There are 2 protein chains.
Amino acid sequence: MSQPEPALPTLGGAGRPLRIAVLGTGQMGLVCAGLLVDGERAKGSGEAPTPRVTLWAHSRDEGDHLSQTRQSSRLPAFMLPESIRVALSDDQIAEADLIVCAIPVQFIRSVLDRLTPYINADARIVSVAKGIENETLLRPTQIIAQCLGADDARLGVLSGPTIAAELAAGLPATMIAAAHDDGFARSLQRLFGTSWLRIYTNDDVVGVEVAGATKNIVAIAAGILDGLNAGNNAKSALLARGLAEITRLGVAMGARRETFYGVAGVGDLATSCFSPEGRNRSCGEALGRGETLDQYLRQSRFVVEGVATTRSVVDLCERLGVEMPITQMAWQVLFDRLDPIDAIGRLMSRQLRGERE
Amino acid sequence: MSQPEPALPTLGGAGRPLRIAVLGTGQMGLVCAGLLVDGERAKGSGEAPTPRVTLWAHSRDEGDHLSQTRQSSRLPAFMLPESIRVALSDDQIAEADLIVCAIPVQFIRSVLDRLTPYINADARIVSVAKGIENETLLRPTQIIAQCLGADDARLGVLSGPTIAAELAAGLPATMIAAAHDDGFARSLQRLFGTSWLRIYTNDDVVGVEVAGATKNIVAIAAGILDGLNAGNNAKSALLARGLAEITRLGVAMGARRETFYGVAGVGDLATSCFSPEGRNRSCGEALGRGETLDQYLRQSRFVVEGVATTRSVVDLCERLGVEMPITQMAWQVLFDRLDPIDAIGRLMSRQLRGERE
């Protein structure tokens, strides 16, 4: 297949390495920075020079520590390659051709408001965050578009089943690079792909973002089942019925149904529901065992994206008139002290029906 | 919703308990027999008297042992309720209104050939086996139809994510009751449903059977990844791409796409790929660790349905012109001594593409 020249590498100018700023030093920020300079680049990316990557930390302390030790307690087995520069001031991200936004969703707006003066007006932006903003009910690329005044052609998403510790260890994985502009999607496919990370392109930005956000809610519910020792039959039923309800929401928001049945949909959902490491599943498990949300979050070292996203999605499904019984159940357990056993009982005792009703 | 009277309970005659014969004393045979007399019947089944259940064993020894001990080494925690009669001769299944066929797929034909003289010409038959017959490439209900000369209206399927040990412990679960005759599907829903087992009806018999058969192949491949310690990112990608290819096959065989995205499709697939107990996953795991198929099967106490099904499905996809790279890879590892690491390498290094290509 002959393909037109992908959009992004040419942005860097002939022969000049692409300049990339990664915002955020959480697990995905670290892993994305590492992927961009990985030695085992995917086929087809060989011609382009390795990009120049700058990693931006929210706090000066965090940046100093990373710069000196090249390590983070958030991803213990990971070593930040020496070729990656840690930004020690905001202006060091200026002139980036590509911004990788790896900021937790509820903080994207405040970070971009701070960094807007340093972001190139032509820069492309790829989001790797998974959630829906509270109050505004916007997806990450919509928040970015608002903050930077960026049009659709500049925006993309990377998503998929990507436990960061596995990516850091170079274990095989897949992701979806979604963008309205197919050339940008293919640029992302080549930039982030390696011999062990296979990236597929997709033009359904809405679907990939909604799937990535909502699977965290189903994962919380799956964790609740784990906390109750309900077994894998129950968890797999939850996965299937959860997939059905997040697909309904996605379609109501303009997504393509098939996106939910692919790598960024059911693939990410499966990892999130079954991997012991998953933050959302772990949070749910604590609730299923009887901890309160406050207790759990006080001692958690990570942002649990699904908690805030559950609030947003309950608002969204009410606004759009979409039935989402698992999401409603998760909301009641999280915020309304519904007993997890009662929650399961209510889901199991709904009117008997056909699968498609 | 007002619904017409379901088809099956009236077959038993006014007030007379339904007579049911369960064929097979594997895990699903035992569990199905137990469900039919479970004390916690689903809503709506309260009016009908508890059915009279006869359990048929392939060998006299097995039948005698079960009859005396009410226990089986195949499902240690399970106790066969006293109200279930174990058939000590083939004629004890005569006059059954409903036959539950829980025989491994490659043995259905020989068992039914033996039992045909004792099977009522009006009896309904529900299949719970998951596979495709070698050589004929028929689904279980097609084999049954051939052997008994039964028309579609008499045939149904029960399927879903149902680890037998969890069902035996009364843990929450879901299944699909599929039949061409909606009344029969609803009868199955009421007969097998309990307060902890929620059953959905579906009229896509082909889809439910093809999904049930082919998920075992993907589970073998998932096990191979486990044997290689490839991680959950890889396994979830395999699940998503496996779902895509078994859906393609199903659609080519006349199934509805959505069936594959439901409880009997992705739900069963998730359990099979992630539950440590899964036989097909465990078989794959042994291959991934370097055992040969012969070594594994010699010491396994169970039929691994996916092994024979892989042969059938490779024939089917070649006949129908459906691309199934994961199934082909599983076949090569199982039967052609392809090194599992090379198999993964080949899947990962295919031409970069869009997700829907």
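How much area do chain A and chain B bury between them? About 4900 Å², with 55% of it on carbon and sulfur atoms; buried area here is the accessible area (1.4 Å probe) that two parts lose on being put together, summed over both.

A quick note on the model: it is predicted, local features need pLDDT of at least 70, side-chain atom pairs count only at pLDDT 80 or more, and totals for chains, interfaces and linings use all residues. Residues are numbered from 1 along each chain as its sequence is written, chains are lettered from A and ligands numbered from 1 in the order in which they are written, and side-chain values use heavy atoms, leaving out hydrogens and water.

**View 1. Where chain A meets chain B.** Each chain puts residues into the contact (heavy atoms within 4.5 Å): 57 from chain A and 57 from chain B. Salt bridges (a side-chain nitrogen of Lys or Arg within 4 Å of a carboxyl oxygen of Asp or Glu) number zero between the two.

**View 2. Buried residues of helix H15 (residues 325–335) of chain A.** Helices are DSSP runs (H or I, at least four residues), numbered from the N terminus. Buried (under 20% relative accessible area, 1.4 Å probe, protein chains only) are A:Ile326, A:Thr327, A:Met329, A:Ala330, A:Val333 and A:Leu334. Down the axis of H15(A) they fall within an arc of 160 degrees, so they line one face of the helix; the arc is that of the directions from the helix axis to the C-beta atoms.

**View 3. Around and after H15(A).** The cover over its buried residues includes H8 (205–227), H9 and H16 of chain A. Just after H15(A), A:Arg337 has a positive phi of about 55 degrees.

Conventions: Buried < 20%, exposed > 50% of the residue type's maximum accessible area, 1.4 Å probe, protein only. Helix = DSSP H or I, 4+ residues; strand = E, 2+ residues; numbered from the N terminus.
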